[in-house]
Amino acid sequence: MNLLTVEHISKSYGELRLFSDISFGINKDQKIGLVAKNGSGKTSILNIISGKDLPDSGEVNSRKGIRISFLEQEPVLDPGLSVEEIIFTSDNEVLKVIDQYEEALANPEDEQAYQKAFEAMDRFNAWDFETQYKQILFKLKLSDLKAKVKVLSGGQKKRLALANALINRPDLLVLDEPTNHLDLEMIEWLEAYFKKEKITLFMVTHDRYFLERVCTDILELDAGKLYAYRGNYSYYLEKRDARLDREAVELHKSKILYKKELDWMRRQPKARTTKSKSRIADFKTIKEQAHKRREAHEVQLEINMERLGSKILELHNVSKAFSDLIILDKLDYNFTKGERLGIIGKNGTGKSTFLNILTGIEKPDSGKVVVGDTIKFGYYTQKGIPVKNAQKVIDVVREFGDYIPLKKGKQISAQQLLERFLFDRKKQYDFVEKLSGGERKRLYLCTVLIQNPNFLILDEPTNDLDIVTLNVLENFLLDFPGCLLVVSHDRYFMDKVVDHLFVFRGNGQIEDFPGNYSDFRAYEDSSARESKDALKEVPADKNQKKSWKDRDEQRKLSYLEQKEYGKLEREISELENKKKELEGRFSGSSLSGAEIDELSIELKQLIDLIETKTARWFELSAILEG
């Protein structure tokens, strides 16, 4: 059943044409993901579908009586209302019945009103609905129903707007980046909820696992045109690549035909026949096709990182708390060269505070943070880029310099750098306030990277970035030779760029997990199954879940531990070779005293690392053989 049809719509802002003459339909129970670059009109399409904006031409027709809920990136809520009042301002009839019942409970002396409300709850089958909506609020951590909107954080407001949209049970749910401001647990719950519920979705999200596991259809907006794919994200990638290959072949043919027709145009007689006039008209079309260029720019990040010394970043007995909320509890940790660490945990467990302590923005309550002399931080925060009045894009970059050093002694101008970040020359002279949210984040990322850091810290870098930019960023980070520290709820992104995780459990508990996010989920799921099985066999006081370091040695290695075991063998071999190389450098007679000291420190750290990894290898080896 068709719920909504979009027919030949167009949208422009001044000279900027976002799209023209696009059409598509939304059918009941479809779950559609809209994919496009930042600034190409995704949010404009959502606004038009939801009735918040009108197209310049074309029209949107919806089935009579359908209810549409729209979750915006920055939802507007009445600051004077409470969480509960926001929920009950919905036009959902069942919610009104529940509201009347709650009011009757608060006034038990009016027996007639209570009886009427009770009967209405039965008639509308509202008992189950009340349980479900309270579960949604609980899952999105909105347990304080009396809290006023004005005291909520930006993330809490977004979650409240999402809860309101889900509870309202619309016929069509339109979502703009629904996973922003959700922690990983919430995202996985929402993913499971959408997969289970019969609900019609039209959404924009950069979360590729979400697109993969939830969507039945993908729409791609590319260069002002819309392409439809009946399948999930993997299917879309496969078919999109095939389409691009076909377009490349057609473009090649057009160029050959253009050269042939150009030669004819130069030789044609002055007296033009009807046939030749028609061929001239066709030539114009051929010329346009031959000169067509895909705008699939690829960012090439070849920034030359400053050298890392032997001392990177050390945490000695570091503690931090806010009243009764413990963030860090006597944490000891030494970062090594080329380390790639991801940080996960529920909202409010202190992930951003940890980053601020590392960079000196906040001070620990006790303990010491020692930063190496050669360390240059690049810190991408959630706050984004500060916008100054009448500041142009090019001016933002020039605040950090006109030229940026690249590899092999080359330089790149600020203008060239912006072009690599998908800002063409015309866009560079736009005012920053005109940029979309994703474009501002891309510009901010550019300002962080061009400072040539060797220790890169990214706090939720994937929010509002389009998938094209995410792929570019991932490729850069895979080649980045410095230290990398990432906080992100984007599971696909984390899987690609990190080697191990700090899992913030809350109350100052931090676990170091040897693997990426998918490895961690697989481990957690297997641990949950083992614990469930153990409950049937052993007394309750022996059922406590153990960490990966403390598990019973009389067992077989898990899949992840087998993977770690193999990885350790390779790492120890590489470290031994590096140790031999360092020891060989001591035989050179040209070393100064300072160089000998630095080599000695580096060699000691290398030996310590080999001993630690070897001890873990023996531990796993004993389990394997036992």
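Colleague: Before we get to the helices, how is the expected span of a helix worked out?
Modeller: The expected span is 1.5 Å times one less than the number of residues in the helix. This is a predicted model, and for helix α3, residues 93-106, the 14 residues should therefore span 20 Å, which agrees with the 20 Å between its end C-alpha atoms.

Colleague: At what angle do α3 and α5 cross?
Modeller: Their axes cross at roughly 90° and come within 10 Å, and the two helices are therefore roughly perpendicular to each other. On the α3 side the residues involved are V94, L95, V97, I98, Y101 and E102, and these meet A126, W127, F129, E130, Y133 and K134 in α5.

Colleague: How does α4 pack on α5?
Modeller: The axes of α4 and α5 lie 6 Å apart, with an angle of about 85° between them, which makes α4 roughly perpendicular to α5. Here F118, M121 and D122 from α4 meet A126, W127 and E130 from α5.

Colleague: Changing topic to strands, what is the order in the open sheet that contains β1?
Modeller: That sheet has three strands in the order β2-β1-β4, with antiparallel pairing. Its edge strands are β2 (16-27) and β4 (57-62), each of which pairs on one side only, and the twist from one strand to the next averages 10°.

Colleague: How many bridges join β1 to β4, and what is the partner of T5?
Modeller: Five bridges join β1, residues 2-13, to β4, and the bridge partner of T5 in β4 is N61.

Colleague: Which helix lies across those strands?
Modeller: Helix α1, residues 42-50, lies across β1, β2 and β4, and runs at about 50° to β2.

Colleague: Now β3, is it buried or exposed?
Modeller: Strand β3, residues 31-35, is mostly covered, with five of its five residues buried. K31, G33 and V35 point one way from the strand while I32 and L34 point the other way, and all are buried.

Colleague: Which strands does β3 pair with?
Modeller: Three bridges join β3 to β7, residues 201-204, in a parallel arrangement, and M203 in β7 is the bridge partner of G33. Four bridges join β3 to β8, residues 217-222, also running parallel, and there the bridge partner of V35 is E220.

Colleague: Last one, for the chain as a whole: how many helices and strands are there, and what share of residues is buried?
Modeller: The protein chain has 20 helices and 20 strands, and buried residues make up 46% of its 626 residues. Among contacts between residues at least 6 apart in sequence, 67% join residues at least 24 apart.

Definitions and conventions
Residues numbered from 1 in each chain as written. Predicted model: local features only at pLDDT ≥ 70, side-chain atom pairs only at ≥ 80, totals over all residues. Heavy atoms only, no water. Pairing = 2+ DSSP bridges. Axes fitted to C-alpha atoms, helices over the stretch in contact; angles between N-to-C directions. Contact = heavy atoms within 4.5 Å. Parallel < 35°, antiparallel > 145°, perpendicular 65-115°, else oblique. Buried < 20%, exposed > 50% of the residue type's maximum accessible area, 1.4 Å probe, protein only.
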